[in-house]
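Thank you for coming, everyone. Please take a moment with the sequence and the picture before I start.

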Amino acid sequence: KDRTGFMCLLLESLAGAAREEMLADYMQSYVNLYHVEKGTEKYSIIAHTNFDEMLAFIEGTASPAEGAQAYLASHGMSDTEIHSLLSVLK
């Protein structure tokens, strides 16, 4: 569940996107597919339950970008591969 959302959040974190931008991108699928309206209680619950937990997992005790790098490294990517990916994202 939510694999695509997690990967998008991970890549946006790595690229240094602002939290607000990442949240808007993540929530857009709920707006498009499920007609959840921004500013509603349902929107807020989804954002805090799903988005906040995933971002906290990526960040750990670091910034989102540092957390994303650490996550990718812990899953087998070398520093060279991470920097190559980052150069494509920016």
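I will talk about a core, then about one serine, and then about a pocket.

This is a predicted model, in which local features need pLDDT of at least 70 and side-chain atom pairs count only at pLDDT 80 or more, while totals for chains, interfaces and linings use all residues. Residues are numbered from 1 along each chain as its sequence is written, and side-chain values use heavy atoms, with hydrogens and water left out.

The largest nonpolar core has 22 residues, and those with the most contacts inside it are Leu-9, Met-27 and Phe-51. Such a core is a set of buried Ala, Val, Leu, Ile, Met, Phe, Trp, Tyr and Cys residues joined through side-chain atoms within 4.5 Å, where buried means under 20% relative accessible area with a 1.4 Å probe, protein chains only. Its largest share, 7 residues, comes from H3, one of the helices, which are DSSP runs of H or I with at least four residues, numbered from the N terminus.

Leaving aside neighbours within four places in sequence, Leu-9 is in contact (heavy atoms within 4.5 Å) with Met-22, Phe-51, Met-54, Leu-55 and Ile-58.

Is Ser-13 buried or exposed? Ser-13, which lies in helix H1, residues 3-15, counts as buried because its relative accessibility is 1%.

Finally, H1 gives the most to the lining of the largest pocket, with 6 residues; a pocket here is an open set of points on a 1 Å grid over the protein atoms alone, where a 1.4 Å probe fits, with protein on both sides within 12 Å along at least five of seven lines, and lining residues have an atom within 4 Å of a point.

How values were computed: Helix = DSSP H or I, 4+ residues; strand = E, 2+ residues; numbered from the N terminus. Buried < 20%, exposed > 50% of the residue type's maximum accessible area, 1.4 Å probe, protein only.
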